[in-house]
Amino acid sequence: LRKNVEDFTGPRERSDLGFVTFDITADILNGKNDFCSIFDWNVKQLFLYLSAEYSTKNNALNQVVLWDKIMLRGENPRLFLKDMKSKYFFFDDGNGLKGNRNVTLTLSWNVVPNAGILPLVTGSGHVSVPFPDTYETTKSY
Amino acid sequence: FGDLRRMNKRQLYYQVLNFAMIVSSALMIWKGLIVITGSESPIVVVLSGSMEPAFHRGDLLFLTNFHDDPIRAGEIVVFKVEGRDIPIVHRVIKIHEKENGNIKFLTKGDNNEVDDRGLYKEGQNWLEKKDVVGRARGFLPYVGMVTIIMNDYPKFKYALLAVMGAYVLLKRES
């Protein structure tokens, strides 16, 4: 799984707002790591989500879901998404995004069975996104 | 009712005791589940369509609420808004956790356009651990429909109880 991103922070009165654009490529590897093999007879759907994880002065751990997608059984299990914008506003609780070098984006998914246990799986491969030290005032989103 | 008159008092008391044992065992199993899972309500029925297509109205969810289980983004939690009795099943989309473990988080139904801030109490912007009833660990489809039918049609519930009561009281072990 590969992600490429570009980002900047925007000014807000009290909390940092981050903007991230990204690409997602779900590679079909050696049959063990692709989505095809996850869809067995008991899997109804996968709930995929891209989350950003980072720590700030205010909070030791922050996780924000930027984007999600429901992949039903029978849908194309390969993902080739380019230049996606985040679905949800990436607000921090405070001003912890400015200059934060260690924001990690990970793709995870929730396996929803026809009946049974609901596991949460994190994809292998994650991308670190450093946020710039200054605010941008003119970029439009 | 011919049967009922023919039984003497002793048999009647015996039947009532039998019935009480069944009810007590059921209660014990339920309490046992509460202890094992750590959740005050380890089995809940999905009441709305806000988590479709994963869960539909009438599905049954099995919850755990272990104290040391951290709340992480992407998990499906069942929570109650302060002051309201109805449990809501939605997904955690944002968490901010302090070093001492204090956590505040935001939820949203998969099938909803917006997050749950509109559902929280007036002025409340985040949920906390104390609002959580449990985390969804497993589920069975359709099984919870019986509860919904009983809620929507109380006459059905009374009829069912009457039939069950009559059966247990009149059944005799030979």
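In chain A, 66% of the contacts (heavy atoms within 4.5 Å) with a separation of 6 or more are between residues 24 or more positions apart. This is a predicted model: local features need pLDDT of at least 70, side-chain atom pairs count only at pLDDT 80 or more, and totals for chains, interfaces and linings use all residues. Residues are numbered from 1 along each chain as its sequence is written, chains are lettered from A and ligands numbered from 1 in the order in which they are written, and side-chain values use heavy atoms, with hydrogens and water left out.

**Stop 1**

Select chain A and colour by secondary structure. You will find nine strands and zero helices. Strands here are DSSP runs (E, at least two residues), helices are runs of H or I of at least four, and both are numbered from the N terminus. The pattern along the sequence is β-β-β-β-β-β-β-β-β.

Now show the surface. Chain A has an accessible surface of about 7200 Å², and 50% of that belongs to carbon and sulfur atoms. The area comes from the Shrake-Rupley method with a 1.4 Å probe. Of the chain's 141 residues, 50% count as buried, meaning under 20% relative accessible area with a 1.4 Å probe, protein chains only.

**Stop 1: where A meets B**

The contact takes 29 residues from chain A and 28 residues from chain B. Together the two chains bury about 2200 Å², 56% of it on carbon and sulfur atoms. Buried area is the accessible area (1.4 Å probe) that two parts lose on being put together, summed over both.

Next, highlight β3 (43–54), β4 (61–72), β7 (103–113) and β8 (116–117) of chain A. Each gives two or more residues to the side that touches chain B. The largest share, seven residues, comes from β4(A).

Which kinds of polar link cross here? The rule finds 13 residue pairs in polar contact, both at pLDDT 80 or more.

**Stop 2: B:E75**

Select B:E75, in the loop between β2 (60–64) and β3 (76–80) of chain B. Buried or exposed? B:E75 counts as buried because its relative accessibility is 11%. Leaving aside neighbours within four places in sequence, B:E75 is in contact with A:L120, B:P70, B:H90, B:R91, B:V92 and B:R135.

Note on methods. Polar contact = N/O pair within 3.5 Å; in protein donor to acceptor, adjacent residues only side chain to side chain.
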